[in-house]
Amino acid sequence: MSAIRVIMLLLVMFLVACTNRSTPTTDLTNRQWQLIELEGQPPLLLEQALSMAFDSTGRISGFAGCNSFSGRYRVEGTTISISDVVTTLMACADDAVTTQEMMFHQALQAVTQYELNAGTLTLRDENGVVRLRFQAF
(Lines give C-alpha, C1' and ligand atoms only; values in the text may rest on other atoms or scores of the structure.)
Protein backbone atom coordinates (compact mmCIF):
# COMPACT_ATOMS: atom_id res chain seq x y z
CA MET A 1 0.00 0.00 0.00
CA SER A 2 2.81 2.49 0.77
CA ALA A 3 4.35 1.98 -2.69
CA ILE A 4 1.04 3.04 -4.27
CA ARG A 5 0.94 6.14 -2.06
CA VAL A 6 4.49 7.06 -3.06
CA ILE A 7 3.63 6.63 -6.74
CA MET A 8 0.48 8.71 -6.33
CA LEU A 9 2.42 11.43 -4.50
CA LEU A 10 5.05 11.50 -7.24
CA LEU A 11 2.33 11.70 -9.88
CA VAL A 12 0.66 14.63 -8.09
CA MET A 13 4.02 16.41 -7.73
CA PHE A 14 4.71 15.88 -11.44
CA LEU A 15 1.32 17.28 -12.44
CA VAL A 16 1.76 20.33 -10.20
CA ALA A 17 5.21 20.96 -11.65
CA CYS A 18 3.84 20.74 -15.19
CA THR A 19 1.07 23.25 -14.53
CA ASN A 20 3.34 25.73 -12.73
CA ARG A 21 6.08 25.93 -15.30
CA SER A 22 6.68 29.22 -17.04
CA THR A 23 6.97 28.11 -20.63
CA PRO A 24 5.68 30.09 -23.57
CA THR A 25 2.09 29.55 -24.60
CA THR A 26 1.33 28.20 -28.04
CA ASP A 27 -1.08 31.10 -28.60
CA LEU A 28 1.91 33.42 -28.59
CA THR A 29 4.34 31.18 -30.42
CA ASN A 30 2.27 29.92 -33.33
CA ARG A 31 2.16 33.26 -35.16
CA GLN A 32 3.82 36.50 -36.15
CA TRP A 33 2.61 39.72 -34.54
CA GLN A 34 2.34 43.06 -36.38
CA LEU A 35 2.23 46.28 -34.36
CA ILE A 36 -1.09 48.14 -34.67
CA GLU A 37 -0.81 50.49 -31.68
CA LEU A 38 2.12 52.08 -29.84
CA GLU A 39 1.35 54.18 -26.77
CA GLY A 40 -2.23 54.69 -27.96
CA GLN A 41 -1.30 55.69 -31.52
CA PRO A 42 -1.06 53.75 -34.78
CA PRO A 43 2.53 53.21 -35.93
CA LEU A 44 4.03 55.25 -38.75
CA LEU A 45 3.57 53.81 -42.21
CA LEU A 46 6.79 52.03 -43.07
CA GLU A 47 7.91 49.86 -45.97
CA GLN A 48 8.20 47.00 -43.47
CA ALA A 49 5.76 46.73 -40.57
CA LEU A 50 6.96 46.64 -36.99
CA SER A 51 6.65 43.04 -35.93
CA MET A 52 7.53 40.51 -33.29
CA ALA A 53 7.61 36.74 -32.93
CA PHE A 54 7.82 34.54 -29.82
CA ASP A 55 9.54 31.19 -30.15
CA SER A 56 8.88 28.15 -28.00
CA THR A 57 12.24 28.42 -26.20
CA GLY A 58 11.51 31.80 -24.59
CA ARG A 59 13.11 34.02 -27.24
CA ILE A 60 11.57 36.99 -29.05
CA SER A 61 12.70 38.58 -32.28
CA GLY A 62 11.36 41.23 -34.56
CA PHE A 63 11.72 44.47 -36.49
CA ALA A 64 11.28 47.87 -34.79
CA GLY A 65 11.34 50.27 -37.75
CA CYS A 66 15.04 50.53 -38.62
CA ASN A 67 16.59 47.73 -36.61
CA SER A 68 15.97 44.10 -35.89
CA PHE A 69 15.87 43.03 -32.26
CA SER A 70 15.90 39.91 -30.16
CA GLY A 71 15.63 39.06 -26.50
CA ARG A 72 14.08 36.75 -23.95
CA TYR A 73 10.59 36.49 -22.55
CA ARG A 74 8.92 34.59 -19.76
CA VAL A 75 5.22 33.93 -19.29
CA GLU A 76 3.40 32.99 -16.09
CA GLY A 77 -0.38 33.11 -16.35
CA THR A 78 -1.13 36.54 -17.83
CA THR A 79 2.17 37.97 -16.63
CA ILE A 80 4.95 38.48 -19.15
CA SER A 81 8.48 39.76 -18.72
CA ILE A 82 10.74 40.74 -21.58
CA SER A 83 14.46 41.06 -20.99
CA ASP A 84 17.93 41.00 -22.53
CA VAL A 85 16.76 42.88 -25.63
CA VAL A 86 19.50 43.66 -28.13
CA THR A 87 19.19 45.46 -31.47
CA THR A 88 21.15 45.96 -34.61
CA LEU A 89 22.64 49.45 -34.91
CA MET A 90 21.43 50.73 -38.28
CA ALA A 91 20.88 54.49 -38.47
CA CYS A 92 17.37 55.59 -39.37
CA ALA A 93 17.12 58.15 -42.16
CA ASP A 94 13.93 59.59 -40.65
CA ASP A 95 13.93 61.18 -37.17
CA ALA A 96 10.26 60.24 -36.65
CA VAL A 97 11.08 56.57 -37.25
CA THR A 98 14.02 56.83 -34.84
CA THR A 99 11.72 58.29 -32.19
CA GLN A 100 9.10 55.61 -32.82
CA GLU A 101 11.71 52.87 -32.52
CA MET A 102 12.93 54.25 -29.19
CA MET A 103 9.33 54.44 -27.93
CA PHE A 104 8.73 50.87 -29.09
CA HIS A 105 11.72 49.54 -27.15
CA GLN A 106 10.83 51.53 -24.03
CA ALA A 107 7.26 50.21 -24.16
CA LEU A 108 8.46 46.65 -24.75
CA GLN A 109 10.73 46.81 -21.69
CA ALA A 110 7.87 48.19 -19.55
CA VAL A 111 5.26 45.49 -20.23
CA THR A 112 4.29 43.13 -17.43
CA GLN A 113 0.89 41.79 -18.54
CA TYR A 114 -0.49 40.36 -21.74
CA GLU A 115 -3.92 39.57 -23.09
CA LEU A 116 -4.86 37.54 -26.16
CA ASN A 117 -8.26 38.15 -27.70
CA ALA A 118 -9.39 37.13 -31.21
CA GLY A 119 -5.95 37.39 -32.79
CA THR A 120 -5.00 40.58 -30.95
CA LEU A 121 -2.13 40.68 -28.46
CA THR A 122 -2.32 43.53 -25.94
CA LEU A 123 0.71 44.30 -23.78
CA ARG A 124 0.19 46.40 -20.63
CA ASP A 125 2.52 47.87 -18.04
CA GLU A 126 2.32 47.30 -14.27
CA ASN A 127 -0.41 49.97 -13.99
CA GLY A 128 -2.58 48.25 -16.60
CA VAL A 129 -1.89 50.89 -19.25
CA VAL A 130 -1.84 49.54 -22.82
CA ARG A 131 1.66 50.13 -24.17
CA LEU A 132 1.58 47.95 -27.30
CA ARG A 133 -1.08 46.19 -29.33
CA PHE A 134 -0.34 43.65 -32.07
CA GLN A 135 -2.45 41.81 -34.62
CA ALA A 136 -1.62 38.25 -35.66
CA PHE A 137 -0.72 37.83 -39.32
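## A buried pair and its network

D125 and R131 join their side chains in a salt bridge, with N and O 3.5 Å apart. This is a predicted model. D125 has a relative accessibility of 9% and counts as buried. R131 stands at 15% and is buried too. Both values fall under the 20% cut-off for burial.

The pair does not stand alone. Salt bridges with shared partners link E39, D125 and R131 into one network.

E37 sits in strand β1, residues 32-38. R133 belongs to strand β8, residues 130-136.

R133 has a relative accessible area of 23%. That value lies between the 20% and 50% cut-offs, so R133 is classed as partly exposed.

## A partly exposed pair

Which residue forms a salt bridge with R124? The partner is E115. Their closest N and O atoms lie 3.3 Å apart.

R124 is partly exposed, at 23% relative accessible area. E115 is partly exposed as well, with a relative accessibility of 33%.

## The overall count

How many salt bridges does a search of the whole structure find? The total is 5.

Key
Residues are numbered from 1 along each chain as its sequence is written. This is a predicted model: local features need pLDDT of at least 70, side-chain atom pairs count only at pLDDT 80 or more; totals for chains, interfaces and linings use all residues. Side-chain values use heavy atoms; hydrogens and water are left out. A salt bridge is a side-chain nitrogen of Lys or Arg within 4 Å of a carboxyl oxygen of Asp or Glu. Helices (H or I, at least four residues) and strands (E, at least two) are DSSP runs, numbered from the N terminus. Buried means under 20% relative accessible area, exposed over 50%, partly exposed in between (1.4 Å probe, protein chains only).
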